[in-house]
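Here are a few friendly notes to go with the model. Please have it open as you read.

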Amino acid sequence: MKKCFTLISAVAMFIILTGCHVKEEAEQIHIMDSSDEELPNHLNEIIEFSDVIVKGSFTEFVKPTNMIRSANDPTVESDELYTEGQIYTFQIEKTYKGEVEGSIKTAITYADQMAAIDDQGERIEEVMVESLDYEELDLNKNYILFLVDSGFIEEGLYTLASGAYIIEIENDESIRFLSKRMEGQLAENLEVEEGDGSVHGILKTEYQNETALTIVEEFDNFPNFLAEEGIETLSDIEEMSGK
């Protein structure tokens, strides 16, 4: 896994959408995953990729940011590509890995900006395609985050160590990773195809702005990391981590 993945590449962000400008009927736009994302196969890999693993809660939305950075200077946002990250403060209750305490800033990948282009090469409109691994956060819940240190971009900033990087803790201490493409909790509009040892997902999303578009994303799915390890509750994962 490349630790620069969260800031330099993300699923499908380099694809230009192509299709006819049709208002009466939705144009179907296909997006293939052309990023260099390397999916983890086991929970231990996510733990290994992480510089920091913490439990706590999101307390305040700070600002949006472009997760795509300039190749020459990572402190500068790209002026060509845009993936919106949402920076929050995160209050730490327990640290499982790393040397952090108190609160940190972390960027949650929200959506990729795509350009829909017609047959003549004219830009129809911009659409924001929600990240495969984004779900709305609940400020009243606790979470476990698997993060890498991205202080080279902004002091004190931590970003995702893997596509699957947020575990949500329910009131009964049951837990799950936030992701639309994880086996056992797939999004309702996600179709599954088996092949070459991997589980392939196809996600269709309808957009209606100036143009009716159907965005069709194709990607590999995550296995259910927690189920594979027999982990169902917070105490199970804390026992695994020795905390």
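1. Glu 84 sits in strand E4, residues 83–97, a strand being a DSSP run of at least two residues.

2. What is Glu 84 in contact with, leaving aside neighbours within four places in sequence? With heavy atoms within 4.5 Å as the criterion, the partners are Pro 64, Thr 65, Met 67, Ile 108, Thr 109, Tyr 110, Ala 111 and Met 128.

3. A word on provenance: the model is predicted, so local features need pLDDT of at least 70 and side-chain atom pairs count only at 80 or more, while totals for chains, interfaces and linings use all residues. Numbering starts from 1 along each chain as its sequence is written, and side-chain values use heavy atoms, without hydrogens and water.

4. Glu 183 belongs to the loop between strand E10 (175–177) and strand E11 (190–195). Its relative accessible area is 32%, which makes Glu 183 partly exposed, the class between 20% and 50%.

5. For the overall picture, the protein has 13 strands and four helices, helices being DSSP runs (H or I) of at least four residues. Of its 243 residues, 49% are buried. Among contacts between residues at least 6 apart in sequence, 63% join residues at least 24 apart.

Terms used:
Buried < 20%, exposed > 50% of the residue type's maximum accessible area, 1.4 Å probe, protein only.
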